[in-house]
Amino acid sequence: MDEYAWPIGPEVPAAALVRESWEVTVAALPVAARITGEVIGRQPFGVFIRIDGVPNAIALAEITAMPRGMDLPALGALVSGEVLWHAVHNHQVKVRLDEWRTNDQ
């Protein structure tokens, strides 16, 4: 089994492209950068997002950043958020969605 659990479809960059573009992705999306994009995958642990303007990048908004009582966005939902960190081991941009922000964050 491949180490990536990417959503499938024409809108999803190939894992090799994501790896090859990693340095460019990190430079384009530093911590605290604002992102917008479309939810292209949905799993119990979070949602995968195709990031606008960075075609070979995938973001992951994990439920660990989601307040209790909230639901994951649906497939195809347009979302925005903030880059929290970069997961080098699997080449994912970790984000917190705006809709998940609370008054103390």
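**A barrel and an aromatic pair**

Colleague: Is phenylalanine 48 buried or exposed?

Modeller: Phenylalanine 48 counts as buried, because its relative accessible area is 3%, under the 20% limit. Please keep in mind that we are looking at a predicted model.

Colleague: And which ring does phenylalanine 48 pair with?

Modeller: Phenylalanine 48 pairs with phenylalanine 45, and this is the 1 aromatic pair that the structure holds. The two ring centres lie 6.0 Å apart and the planes meet at 90 degrees, so the arrangement is edge-to-face, which applies to planes over 60 degrees apart.

Colleague: How accessible is phenylalanine 45, then?

Modeller: Phenylalanine 45 is partly exposed, with a relative accessibility of 36%, whereas phenylalanine 48 is buried.

Colleague: Changing topic, what do the strands build, and in which order?

Modeller: There are 5 strands closing into a barrel, and the order around it is β1-β2-β3-β5-β4, with mixed pairing. From one strand to the next, the twist averages 50 degrees.

Colleague: Which strands pair with β1, and over how many bridges?

Modeller: Strand β1, residues 34-43, pairs with β4, residues 78-87, in the antiparallel sense over 5 bridges. Strand β1 also pairs in the antiparallel sense with β2, residues 46-51, and there the count is 6 bridges.

Colleague: What about β4 and β5, how do they pair?

Modeller: They run in the antiparallel sense, with 6 bridges joining β4 to β5, whose residues are 92-97. Glycine 81, for example, stands opposite leucine 97 in β5.

Colleague: How many residues lie between β4 and β5 in the hairpin?

Modeller: The hairpin has 4 residues between β4 and β5, and in its turn histidine 91 shows a positive phi of about 55 degrees.

Colleague: Where does asparagine 90 lie, and is it buried or exposed?

Modeller: Asparagine 90 lies in the loop between β4 and β5, and it counts as buried because its relative accessible area is 13%, under the 20% limit.

Colleague: Which side chain does asparagine 90 contact?

Modeller: The side chain of asparagine 90 makes a polar contact of 3.1 Å with the side chain of glutamine 92.

Technical notes:
Residues numbered from 1 in each chain as written. Predicted model: local features only at pLDDT ≥ 70, side-chain atom pairs only at ≥ 80, totals over all residues. Heavy atoms only, no water. Pairing = 2+ DSSP bridges. Helix = DSSP H or I, 4+ residues; strand = E, 2+ residues; numbered from the N terminus. Axes fitted to C-alpha atoms, helices over the stretch in contact; angles between N-to-C directions. Buried < 20%, exposed > 50% of the residue type's maximum accessible area, 1.4 Å probe, protein only. Polar contact = N/O pair within 3.5 Å; in protein donor to acceptor, adjacent residues only side chain to side chain. Phe/Tyr/Trp six-rings, centres within 6.5 Å; stacked < 30°, edge-to-face > 60°.
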